[in-house]
Amino acid sequence: MSLLNLKPIHKNRTLRANVAEQLKEAIINGDLAPGTKLVESQLSDLLGVSRGSIKRSHSSTC
């Protein structure tokens with residue numbers, strides 16, 4: 001998962017919205033293939049946010 005082309009988090013939106021947007025773009029760009037297992041700890045490290053933010057963004061994108 002270290003090959004994801006993630007962008008910096010925008011401070012003017014909620015973390016949940018930023019993380020959800022990053023995941024959405026990774027899927028659209030083909031960086032995340034269908035069925036890819038998302039590891040919260042790795043995503044939180046890559047994006048510099050808490051695991052809770054990852055969980056909340058995931059629930060908003062499903």
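Guide: What follows is a set of questions on the terms used for this predicted model.

Visitor: What makes up the secondary structure of the protein?

Guide: The protein has three helices and zero strands. From the N terminus on, the order is α-α-α.

Visitor: How do you know that the length of helix α1 agrees with its number of residues?

Guide: Helix α1 covers residues 15-28, which is 14 residues. The expected span is 1.5 Å times one less than the number of residues, so α1 should span 20 Å. The C-alpha atoms at its ends are 20 Å apart, and therefore the two values agree. Just after α1, Gly30 has a positive phi of about 85 degrees.

Visitor: Why is Ser57 called buried?

Guide: Buried means under 20% relative accessible area. Ser57 has 0%, so the label applies. Ser57 belongs to helix α3, residues 51-61.

Visitor: Which residues is Ser57 in contact with, leaving aside its neighbours within four places in sequence?

Guide: Ser57 then contacts Arg16, Val19, Ala20 and Leu23. Among the buried residues of α1 are Val19, Ala20 and Leu23; Asn18, Gln22 and Ala26 of α1 are buried as well.

Visitor: Why is Asn5 called exposed?

Guide: Exposed means over 50% relative accessible area. Asn5 comes to 58%, so Asn5 is exposed. Asn5 sits in the segment before α1.

Visitor: What makes the pair Glu40 and Arg51 a salt bridge?

Guide: The cut-off is 4 Å between a side-chain nitrogen of Lys or Arg and a carboxyl oxygen of Asp or Glu. Glu40 and Arg51 have an N to O distance of 3.3 Å, and their side chains meet in a salt bridge. Glu40 lies in helix α2 (residues 40-47) and Arg51 in helix α3, so the pair ties together parts that are 11 residues apart in sequence. A search of the whole structure finds one salt bridge.

Visitor: Which residues form the largest nonpolar core?

Guide: The eight residues are Val19, Leu23, Ala26, Leu32, Leu43, Leu47, Val49 and Ile54. The elements that give two or more residues to this core are α1 and α2, and the largest share, three residues, comes from α1.

Visitor: What makes such a set a core?

Guide: Its members must be buried and joined through side-chain atoms within 4.5 Å. In soluble globular proteins, nonpolar side chains tend to be buried together.

Visitor: How many of the residues in the protein are buried, as a percentage?

Guide: Buried residues make up 26% of the 62 residues. The accessible surface comes to about 4300 Å², and 52% of that belongs to carbon and sulfur atoms. Of the contacts between residues at least 6 apart in sequence, 55% join residues at least 24 apart.

Terms used:
Residues numbered from 1 in each chain as written. Predicted model: local features only at pLDDT ≥ 70, side-chain atom pairs only at ≥ 80, totals over all residues. Heavy atoms only, no water. Helix = DSSP H or I, 4+ residues; strand = E, 2+ residues; numbered from the N terminus. Buried < 20%, exposed > 50% of the residue type's maximum accessible area, 1.4 Å probe, protein only. Contact = heavy atoms within 4.5 Å. Areas by Shrake-Rupley, 256 points an atom, 1.4 Å probe, with all protein chains shown as cover.
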